[in-house]
Amino acid sequence: MSWSTTLNHPLGLLDADSFPFLAMLGSDDSDIFINGLLGSFAAALVVISVMVVVALLTRYRAWRTLWFDWLTSADHKKIGIMYVVLALVMLVRAIAEAVLMRAQGAVGLDGGFLSSDHFAQLFSTHGTIMIFFMAMPFLTGLINYVVPLQIGARDVAFPILNSISLWLTVAGAALVMTSLVVGVFSTGGWFGYPPYTGTLYNPGVGVDYWIWSLTLASLGSTLTGINIAVTIYKKRAPGMKLYYMPLFTWTALCTAIMMIFAMPPLTVVTLQLALDRYLDFHFFTNGLGGNQMNFLNMFWLFGHPEVYILILPAFGVYSEIFSTFSGKVLFGYKSLVWATMSIAFLSFLVWLHHFFTMGQSGHINAVFGIASMLIGIPTGVKIYDWMWTMLRGRVRFSVPMIYSLAFIFLFVIGGITGIMLANPILDYQVHNTVFLVAHFHNMAVPGVLFGMLAGYTFWFPKAFGFRLDERWGRISAYCWIFGWMGAFFPLYILGLMGLPRRSVAYEQASYVPLEIVAFVGALLVAAALMALVIQLWVSIKHREENRVFVGDPWDGRSLEWATSAPPPEYNFPVVPSINDRDAFTAAKEFGVGYQEPDTYVNIEIPQNSAMGPVFGGTSFLLAFGLVWQIWWLVILTGLVTIGTLVVRGFQRDTLKIIPAETVCRAHRHWIQAARSAQPIKRSQEHTAANKGRAALETVEVST
Amino acid sequence: MPKSIMSVSVLQMHGCGSQQAVTLSVQCVALVLLSGCNSTEHLSFLNPQGPIATAQSEHFWLVVAILFILIALPVFIGTVWIAWRYRYGATKSKYVPRWKIFKPLEYFSWGIPITIVIFLSILVWEDTERFDPYRPLTSSTPATHVQVIGYDWKWLFVYPEQGIASVGMLAFPAGQPLTMELTSATVMQSFFIPALGSQIYAMGGMVTQLNLQADRPGRFLGENTMYSGDGFHQQKFAAVAMTQADFDAWVQQVRATGIPFDATALNAIAMQGTKAQLRTVLAPAAPAFDSNIYFTGAKANFFTDLVMSVMDDKPLPSTALAPAITKGQ
C-alpha cells in the first residue's frame, strides 16, 4: 500500500460495512438477517458489559483502586487473580458459543438456523478462546498465584515481565472480543491451516484477527514460561531441594519449560502466515515452492506440547487435592515427578499424529503412533498413584475432590480414546470426525478444566480470605460432570457413524437423536456455569461467616497454607527454611506451625509499574492496526511500544521497602489470630467454625 | 441408469439383512446403532463393507476390549472401592498418613501400562504397514483406477482408462480393488468412505494414494472431513459398488449421455459452489432420479497436468482438456 492510499484511507480497510450490525440492516436476505441478529446481540452484550463495568467503576469511584492496586500491580498474586478473571470472562463467551453450536446441531438435519459462515466463526472463536484465552490464562493464573507461595518466595523472578505477559494475553483476548463488534473472525478453526487461511480463499480480516491475537498470546506465554522456570530454579526457599517441591510446582516447572520451547514455533508460524497474507510470500501456498504441509508440522510442533502445557498443571492440582483431601502424603512422589517429566519430554516427539492421514509411509506413522502411546505409560502411572494416595487415607468428598474423582473416571475414558487415535489404523477412520472432537474435549474439560475449577475452589480461600459456598459448588460440579457426559458421549458415537467435525448441517436422520442428547448436555453445562456464578455471589454475600484468616482451611500440606489468607503482599514475613516434603504438615506435626521469628527485617518488594498495561494497550492497538491495515497506527504504536521498553530501562528506583515494624505488626496480628482460633476437625471444615486452623488428625489407625 | 441404481439397492438390502442375521453379541448392538441399514447408504466402518474397513473394525473392537477390560474396569472398580473404603467417616479402616511408597505397588503401576503399550505397539507396527492406504490390495482381478480431485465443494472423479468423469458419483466394480490417486484443486481436503476404509488428505500440487475394495455391491457414504468453507458439509458423494456388468453398463451410459469435459465444464466445476449449484449451471436438463453430473472425453493426462499447474501456480495447459465441442455434435 503506497503512502497516498494510506493518506486517503486513514482508517485502512475500516468502513461502515465492517460493522456486522450495519451490514445486517443493509441486507434484505433473511438468512443474513438472523445470523446478523445473533452476531449483533453478542456484539451488543460485549459493548454493554464494557459500559456497565465502566459505569460501576465510576459510580463507586473505583478507578484509582483499580489502577494503582490492580492493573499496575507487580504482585504475582494479583496478576494471578487477574489471569483467572480473564479466563472466567472468556469462558462465559466460549460456553455460550458452544451451546449455540450444539443447538444448531440438534436442528441441523438439512439446515438449522445458523449460516455456514457464522457457524465457522463460532467454532473458530470457541477453540481459539478456550485454548489461548481460557485454559492458558487459567493455568497461568493458578501457577502465578500458587507457585511462589509453595516455594516460599516473595514474588516471581521478573515481576514486571509478569505484568507484561498478563497484558499481552489481555490484549490478545481483547482483539478476539473486538472482532465480534468490528469485522469478522477467522473461519479456519483454531489451527487455521493454509491454504484455506491464505488470501486467495480468505481475503477478509478474519484470519488476520486470528493471527495477531495468537501472536500476542504466544509472546505472553513464552515470557511467562521463562519467568516461571527462572522463579522455580532461583527463588526457592533455603533448603527446598527439587525433590522437596510440591507436585504442583513440579508440573508448573515442566509446563514452563514446555512453554519456552513450544510457543516460539507458534509465534513463527503465525508470522509466516502473516507474511504470506500481507506480502505475498509463499511459505504455505502453492507456487514458488511453497508447501502447506510445513504449516502443519510447525503448528503441531507447538500444538502437541501445548495440550500437555494445559494438562500438566491440572495434574499438579489433582496431586495436591488427592493428597490434601485424603489427609495423606502423596503416594509415589518420585514416580509422579518422573512421569511428569517424561510426559513433557515425549510431548515433543509425537506431533505427527495430528496428520497420520497426510500420506507418509506406514512405518513413519507407526513410529509416531507408538511414541504417542508411550505417553499413556506415565499418564497411567499417575492415575494409579493417585488411587494409592487415597488408599489407607481419610477421603473427604469436598468439591475439589468431586472434580478429581470425576476426572479419574472420565480421563481414563479419554485416555483410551486417545490410545485409539494414536493408533494409525483407527485414526484413518476417526480422524477429523466428531469422535476426535469428543476425545480432545474429554482431555480438555474433565482433564484440564475440572482441574482448574478444582484448583479455583481449593485456593480461593487462600486468595480472598473466605471459603466458597460448598452447596452451590457441588451443584456446579455435578452439572459440569453430567453435562459434559451428555454433551460428548453422543459425539463419540456420531464420530463412529462418520459425522465430520465442523459440519453445520447433515443429511442423515440417524444423527438426530444423539445430536439432541448432546444439546441437552450442553444446556446442563450452561447451568453449571450459572451455578458457578451463583456460588461466587452467595459466597461473597456470606463472606464474613466463612472467613479463614488463619489461612489453612483444608489442613493443607505445602507452604502456601503457612501464611495468612489472603497473604500479605510480601507472602512470608520471614522466608521459611525447608527440610522436608509437605513442609507445612511437618511443621504442624512438630507443633511449630505458627511461630514468631526472633527478628523482623525490612522487606523489599517491586514497585507498581504502568509498563504492563501501557505495553498491553499499545500492543492491542498495534495488532488492531495490522488487522485493518491502518499503517500510521501501526507505526505510531510500534514506536510507543518500543519506547516504553526504553523508558523502563532508565528507571532505577524499582523497589519499595516495607519497614520491619509494619511486617512485625501484621505478623503478630496473624499469629495472635492463629493461636486464638479453635483448631477444627475435618468433619467441621465446611462450617463457620472453620477459621483456617486445622486440628492435628494425622494419627495412624491400624486395624 | 435407472436400471443399475435399482439393482444396486436391491442387492444392498439383501446383503444387509443376511449380515444382521449372522452377527452376534456386542457387534449386534453396534450394528443396530451404526449400520445405517434403515437408510440406503452405509455410514460406518463398524458395519464394514470392504476388507480394509473389516480389519479396522476388528482392530477397533480388539483395542476397545483390551483397554476397557485391563485398564478402565479395574480403575473404575478400584477407585470406587478405595474412595468408599477409606472415606473420612470410615473410622474403622486403616489410616496410614505417612504411607508414601510401597515398591510392589510401584512396580505394578509402571508394569501394567508398559505391558499393554508394548503389546499394542507390536499390533500397531504390524497392522499400520499391512493396512497402509498406499499399499495395493492383492487380488486376482485387475484394479479399477480412479483419479480424485477435490474442488470447492464437490469431488470430481476421473476414470482415465474409460475416458469419463463424474461429480458426486464414484462407481466401481465390487469384489475387486479400487486404486485412487488424489489431489486438490483448492484447499486441503480429506477424502473418506467410512464403510470401506481409510481416509486420506487431498492437497493441491501433491498426489496421495488410497486403495480400497468393496466386498459386494452397495452404496456407501463418501465425504470430505476437512473443513473447507461454506459448502463443506454438502461435499458428499455416493460411492457405489456394482457388479462388473452393471459397471460396464454404467460406463457406457456415461459415455453416451455425459457432458463434454472441456474448458467450459472445468471452469464451472472450479467455481466455488456445491454439486447442486454446479448442476443448475451445467446440466439443468439432466434427469431427476440422479443428482450427479457426468462427463465424457476426459483425457488421461488431465490429472497430472492439473497437479503440476497447481503446484507451480500456473494456468492449466490447453492439452489437458479435449478441445471444446458444441453441444449435440
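This is a predicted model: local features need pLDDT of at least 70, side-chain atom pairs count only at pLDDT 80 or more; totals for chains, interfaces and linings use all residues.
Residues are numbered from 1 along each chain as its sequence is written, and chains are lettered from A in the order in which they are written. Local features need pLDDT of at least 70, side-chain atom pairs count only at pLDDT 80 or more, and totals for chains, interfaces and linings use all residues.

Chain A has 22 helices and 2 strands (DSSP runs, numbered from the N terminus; helices are H or I of at least four residues, strands E of at least two). Its C-alpha atoms fill a box of roughly 75 × 60 × 45 Å along the principal axes. Of the 703 residues of chain A, 60% count as buried (20 or more other C-beta atoms within 10 Å of the residue's own, with C-beta atoms placed from the backbone).

The largest nonpolar core has 293 residues. Such a core is a set of buried Ala, Val, Leu, Ile, Met, Phe, Trp, Tyr and Cys residues joined through C-beta atoms within 7 Å. Those with the most contacts inside this core include A:Met134, A:Leu175 and B:Val158. Helix H16 of chain A (residues 434-464) gives the most to this core, with 19 residues. A second, separate core has 7 residues, among them A:Met101 and A:Phe119.

Leaving aside neighbours within four places in sequence, B:Val158 is in contact with residues including B:Val146, B:Ala298 and B:Phe302 (contact: C-beta atoms, placed from the backbone, within 7 Å).

Definitions and conventions:
A residue is buried if 20 or more other C-beta atoms lie within 10 Å of its own, exposed if 12 or fewer, and partly exposed in between; C-beta atoms are placed from the backbone. Two residues are in contact if their C-beta atoms, placed from the backbone, lie within 7 Å.
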